[in-house]
Amino acid sequence: MPAGGAAAATPCATRACAKFGGREAVCGLPWPAVLSNEQIIEQALDRIEAGYVFPAKVEDIDAAIRRRLAAGEYDDLDGPVLCETVTAHLQEVCPDKHLRLLWSDQPQSLDPADEDGGRAAFLALLRTENQGIRRVEHLDGNVGLIDVRRIAYADEGAVAIGAAMQLVALSSALILDLRACAGGAPEGAAMWCSYFFPDDQVHLNDFYERSTGATRQFWTTAHLPAPRYADRPVYVLTSAMTFSGGEDVAYTLQAHGRTVVVGETTRGGAHPTARHAVTEHILVTVPTARSINSVTGTNWEGVGVVPDVPVPADQALDTALKAISGA
C-alpha cells in the first residue's frame, strides 16, 4: 500500500481476484475490497448455486433473493442486520437451518487456502474445550452423567471420549446430556454412538456429498479406547438449542432403539456444511451433504429430534433420573 495508507485504485498485481459464477468478486477494486450489499449477496448466491446439496432448490432460492435485491430491501442494511435478514429470507424459501449468512466480529481470512470447512478453527476450539466434554459425574443410584457441548472429530477426540466413557463404565445407567450441544463432526457422532452397541456390525447412517456424488457409510467402530456400554439403559437429554452433531447422536441412538430421548424437540439442522468467507466479517454457510439414517431413510432436517418424553429442558435431568429409579 502506498505511503499514507491510500490503496492504489488498480487491480491487485500480486493476487488474483476471486471469481464465482463467471463474475469477478471485487471487479478490480483494491484488495481487500469493500463490497456493496449487492456484491455480497451475489457472491453468496454463487456459492449456494455451486455447492448446495439440493441443486433442484437453487433456482427458487436465487429467484426469491434476487427479487428482494431488485426491490432494494437490502440496500441500507449494515452487516449484522444484512446477515440476519438474508438468512431469514433464505430459510423462508428453503427451511434448511445450515443455509445462512453469518456475521463474525473477528476478521476472517479471505485466503482460499483457508476454506477447509472450518476444520482447523474447530479443532483449535475443541482443544480449549476438552474435546467438547464439559463434565462427567457419578450420581446417586450409580448413574453416570456426561455433559457434551460439542461433538469432536473422531481422531483427535477419541482419547477424551474414551476417558469419559471409562469413568462411567461401571454405572448402572447413563445420561448423555446434549441440551447445550452446538454441533460437531459426523465422525465423532459415529464414535459416540459406537459405545452403545455391542460390535462394529451396526450401520448407523450415510452421508451423501454433492460435490463428488459419493455416499459415505458410517458404521459402529470396531476398536474403542474404553469399554462399550451396550447392555444398560441410556437416556439422552435434549433442548431446543441442541443442534447438528448433537442431534445426530440423539437421532441415531433413538432410531436404533438404543436410548430414551428426554427434553425438547431440537433445532433441526442435519446437513454437513461448508463455510466461505465473502468479506472479512461475512460468511456464507452452504450445506454440501446430507445425512440418511439407515433405519428411517431420512434425517432430522427442519423437524428436529422429537423426544420420547417431552418435558421442558430444565426438567429433563430430573425426569430421566426418576425414570431410571422407577419413581
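**Helices, rings and charges in a predicted model**

The buried residues of helix H2 (residues 58–70) are Val58, Ile61, Asp62, Ala64, Ile65 and Leu69, where buried means under 20% relative accessible area, exposed over 50% and partly exposed in between (1.4 Å probe, protein chains only). Helices (H or I, at least four residues) and strands (E, at least two) are DSSP runs, numbered from the N terminus. The model is predicted: local features need pLDDT of at least 70, side-chain atom pairs count only at pLDDT 80 or more, and totals for chains, interfaces and linings use all residues. Residues are numbered from 1 along each chain as its sequence is written, and side-chain values use heavy atoms, with hydrogens and water left out.

Helix H2 has 13 residues and reaches 18 Å from its first C-alpha to its last, close to the 18 Å expected at 1.5 Å a residue; the expected span is 1.5 Å times one less than the number of residues. The buried residues of H2 pack against helix H1 (37–51) and helix H3 (79–93), contact being heavy atoms within 4.5 Å. Just after H2, glycine 72 takes a positive phi of about 80°.

Helix H4 (residues 119–128) can be read in a similar way. Its buried residues are Phe122, Leu123 and Leu126. These cover an arc of only 105° around the axis, which puts them on the same side of H4; the arc is that of the directions from the helix axis to the C-beta atoms. In general, an α-helix has 3.6 residues a turn, so residues three or four places apart point the same way. On the other side of H4, Ala121, Arg127 and Thr128 are exposed. The buried residues of H4 pack against helix H5 (154–167), and just after H4 asparagine 130 has a positive phi of about 55°.

Attention now turns to the rings. The structure holds five aromatic pairs, counted when ring centres of Phe, Tyr and Trp (its six-membered ring) lie within 6.5 Å, with planes under 30 degrees apart called stacked, over 60 edge-to-face and the rest tilted. Phenylalanine 196 lies in the loop between helix H6 (186–194) and strand E7 (203–209), and tyrosine 229 in the loop between strand E8 (215–219) and strand E9 (234–238), so the pair ties together parts that are 33 residues apart in sequence. Phenylalanine 196 is buried, at 1% relative accessibility, and tyrosine 229 is buried with a relative accessible area of 1%. Charges also meet rings: the charged end of arginine 267 sits over the ring of phenylalanine 243, 3.9 Å from its centre, by the rule that NZ of Lys or CZ of Arg is within 6 Å of the ring centre and within 35 degrees of the ring normal.

Finally, there are twelve salt bridges, each a side-chain nitrogen of Lys or Arg within 4 Å of a carboxyl oxygen of Asp or Glu. Among them, arginine 232 and aspartate 231 meet at 2.9 Å, N to O. Arginine 232 is buried at 19% relative accessibility, whereas aspartate 231 is exposed at 63%. Salt bridges that share partners join Arg135, Glu137, Asp147 and Arg149 into one network. Within it, the closest N and O atoms of glutamate 137 and arginine 135 are 2.1 Å apart.
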